[in-house]
Amino acid sequence: MKKLIITAFFLVAASAYSQWNLPAASPRQTVEQQFSMSKISVDYGRPGVKGRKIFGELVPYGKVWRAGANSSTKITFGQSMDFDGKMVPAGTYGLFIIPQEKEWKVILNKDSQQWGAYEYDEKKNVLDVTVPVQKLSEKQEYLEIALQPVDENSINLVLKWDFTQVVVPLKTGKPETVSKIVDKLKEIKQIEKDAAAKK
C-alpha cells in the first residue's frame, strides 16, 4: 500500500511539472491591431540585448535578418495596404530586414514559414522599402514590434531594439473604395438601429 501511495505521488508530481515550461530566451509574441475594415497582426520572436552589441555585430550590417528570433517574423494584412508608398495585397508575408547604420531595407517576402533567414530567397520578395534609422535615448532591452494608429487610414509599423528604432508608415490600400464601403456599412447599421427601435 505504501509503495502504491509513493508511486501515485510521483505520478502526480511528474504530471504537474510537465505543465511547466522553461523560460524562453526569445519569447514569442503576437501583436494585433484593428485597422480600417480589418486587422494587421505581427508574430515574432523577441530576443534580448543581454549585454551584447546588436547592430553591426550580432545583427551584421548589409545581411538579411529575420526581424526577430527563431522562426521568421510574419506580418498579416487583412486588406490591401500601402506599405510606405508601395501597394501590397492582403495576405501573410515574411518580414525581413537588411540593416545599415543609417537606414534599413524592410522587405516583405512570400515565404513566411521558414526558420530564421537561412532559406531566404530574394526572388520571392514582394516589395522592399528603405527607411531611416532613429536613435533612442533609452535602451529597449527586448526587441519590440508595435502597430501605432495615426488616423482611420494610417498606421505606423515600429521596430525598436537596443538604441535603434525604425518606422514604416502604412495606409489603407484603396482609401476611396474603403471610404465608400464604410459609408454603406454605416447606412446599414443605421437601418438596423432604426428597425430595432420600432419593435
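1. A term to start with: two strands pair if DSSP finds at least two bridges between them. With that in hand, look at strand β4 (residues 81–83) and strand β10 (residues 154–172), which are paired in the antiparallel sense over 3 bridges. Within this pairing, Met81 has Thr172 in β10 as its bridge partner.

2. Please keep in mind that you are looking at a predicted model. The mean pLDDT of the protein chain is 87, and 82% of its residues reach 70 or more. Among the elements of the chain, strand β7 (residues 103–109) has the highest mean pLDDT, at 98, while helix α1 (residues 2–17) has the lowest, at 56. Where pLDDT is low, the predicted coordinates should not be read in detail. I would keep that caution in view for helix α1, given its mean of 56.

3. Now to the sheet that holds β4 and β10. Its order is β5-β4-β10-β9, an open sheet of 4 strands with antiparallel pairing. On average, and ignoring direction, neighbouring strands here are turned by 30° against each other.

4. Over 10 bridges, β9 and β10 pair in the antiparallel sense, and the hairpin that joins β9 to β10 passes through 2 residues. Across this pairing, Leu159 in β10 is the residue that stands opposite Ile145. Is β10 largely enclosed or left open? Of its 19 residues, 14 are buried, so β10 is largely enclosed by the rest of the structure.

5. Most residues other than glycine have a negative phi, and most peptide bonds are trans. Asp84, however, has a positive phi of about 50°, and Asp162 has a positive phi of about 60°. Buried means under 20% relative accessible area. Asp162, with 15%, is therefore buried, while Asp84, at 29% relative accessibility, counts as partly exposed.

6. The other sheet to inspect has 6 strands. It is open as well, with the order β1-β2-β3-β6-β7-β8 and antiparallel pairing. Its edge strands, β1 (28–35) and β8 (125–132), each pair on one side only. From one strand to the next, the twist averages 20°.

7. 8 bridges join β1 to β2, and the two strands run antiparallel; one example is Gln29, whose bridge partner in β2 is Tyr44. Together β1 and β2 form a hairpin with 2 residues between them, and Ser36 in the turn has a positive phi of about 55°.

8. In β3, Ile75 is the bridge partner of Val42, and Lys74 is the bridge partner of Asp43. How many residues of β2 are buried? The count is 6 of 8, so β2 is largely enclosed by the rest of the structure.

9. Finally, the pocket, in case you plan to look at it. The largest pocket has a volume of about 290 Å³. It is lined by 16 residues, and those closest to its centre are Leu58, Val59, Trp65, Arg66 and Gly68. What is the make-up of the lining by class? There are 10 nonpolar, 3 polar and 3 charged residues in the lining of the largest pocket.

Notes
Residues are numbered from 1 along each chain as its sequence is written. This is a predicted model: local features need pLDDT of at least 70, side-chain atom pairs count only at pLDDT 80 or more; totals for chains, interfaces and linings use all residues. Side-chain values use heavy atoms; hydrogens and water are left out. On a 1 Å grid over the protein atoms alone, a cavity is a set of points where a 1.4 Å probe fits but cannot get out, and a pocket is an open set with protein on both sides within 12 Å along at least five of seven lines; lining residues have an atom within 4 Å of a point. Grid points are joined across faces, edges and corners, and a volume is the space filled by probe spheres set on the points. Ala, Val, Leu, Ile, Met, Phe, Trp, Tyr, Cys and Pro count as nonpolar, Asp, Glu, Lys and Arg as charged, and the others, Gly among them, as polar. Axes are lines fitted to C-alpha atoms, for helices over the stretch in contact, and angles run from 0 to 180 degrees between N-to-C directions. Buried means under 20% relative accessible area, exposed over 50%, partly exposed in between (1.4 Å probe, protein chains only). pLDDT is the predictor's confidence in each residue, from 0 to 100.
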